[in-house]
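Please walk me through this structure. Begin with a helix pair, then turn to the salt bridges.

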Amino acid sequence: MRGVLEDFYRDGKPPWDSGITPPELVALIEAPDALMPGQALELGCGTGTNAVYLARHGWQVTAVDLVDRAVRQAREKADAAGADVTVLCGDATRLDEVGVPGPYDLFFDLSCYCGIPPHRRDVYAAGLTERAAPGARLLMFGYGPGAFDDSWSGATADELSARFSGWQLTDVTPGTNPVPTFWFTLHRAPAAA
């Protein structure tokens, strides 16, 4: 999988990296009932567009991507913008090896999870859960099953509800892509009173 992703970055602009922060993330950060800035972790950050956006809005951002070339571009983008973003090269299913202890108030995933092989998804969910502050939020964009010519990629609301123990799936909004896509919002249980 890493080789395929590297090819997209080597050959030019990857199709998933528009350079524009999605309106769903903007609404979460800038709406009247927006989240208060805190610690954020972006998983599969690509060239850093959304990490820079979050940093410019007061978040302390750590961003992770599997592809060296994407990480270099994200660091360059953050430096050029004067944004304080820590960009790390690593596997989102091996966060202990990446060095992102948390806790995080916000996790952002723009089609990273849906491309992880199913046998690694429980580890991904456990890694986020372990690093989640009480009341943390996960905003995830994912392709639905059948969007690609394989038997495993894609994500569903039922799967996320089952894999993310201690989280509540609070919103599923269909995307506007020509293939099935969704925006999922999950909330971590708040601290006991």
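**Helix packing and salt bridges**

Helix 2 (residues 23-30) packs with helix 3 (residues 49-56) at an angle of about 15°, their axes 11 Å apart. Helix 2 is therefore roughly parallel to helix 3, a term for angles under 35 degrees. Helices here are DSSP runs (H or I, at least four residues). This is a predicted model: local features need pLDDT of at least 70, side-chain atom pairs count only at pLDDT 80 or more, and totals for chains, interfaces and linings use all residues. Residues are numbered from 1 along each chain as its sequence is written, and side-chain values use heavy atoms, leaving out hydrogens and water.

Which residues of helix 2 meet helix 3? Leu-25, Val-26, Ile-29 and Glu-30 do, and they meet Asn-50, Tyr-53 and Leu-54. Contact means heavy atoms within 4.5 Å.

Now the salt bridges. Each is a side-chain nitrogen of Lys or Arg within 4 Å of a carboxyl oxygen of Asp or Glu. The count comes to seven. Arg-94 pairs with Asp-91 at 3.0 Å, N to O. Arg-94 also bridges to Glu-97, with the closest N and O atoms 3.9 Å apart. Arg-94 is partly exposed at 35% relative accessibility, whereas Glu-97 is exposed at 65%. Buried means under 20% relative accessible area, exposed over 50%, and partly exposed in between (1.4 Å probe, protein chains only).

Asp-96 and Arg-131 meet in a salt bridge at 2.4 Å, N to O. This pair links distant parts of the chain, helix 5 (residues 95-98) and helix 6 (residues 118-131), 35 residues apart. Asp-96 is exposed at 60%, but Arg-131 is buried at 4%.

Technical notes
Axes are lines fitted to C-alpha atoms, for helices over the stretch in contact, and angles run from 0 to 180 degrees between N-to-C directions. Helices (H or I, at least four residues) and strands (E, at least two) are DSSP runs, numbered from the N terminus. Angles under 35 degrees count as roughly parallel, over 145 as roughly antiparallel, 65 to 115 as roughly perpendicular and the rest as oblique.
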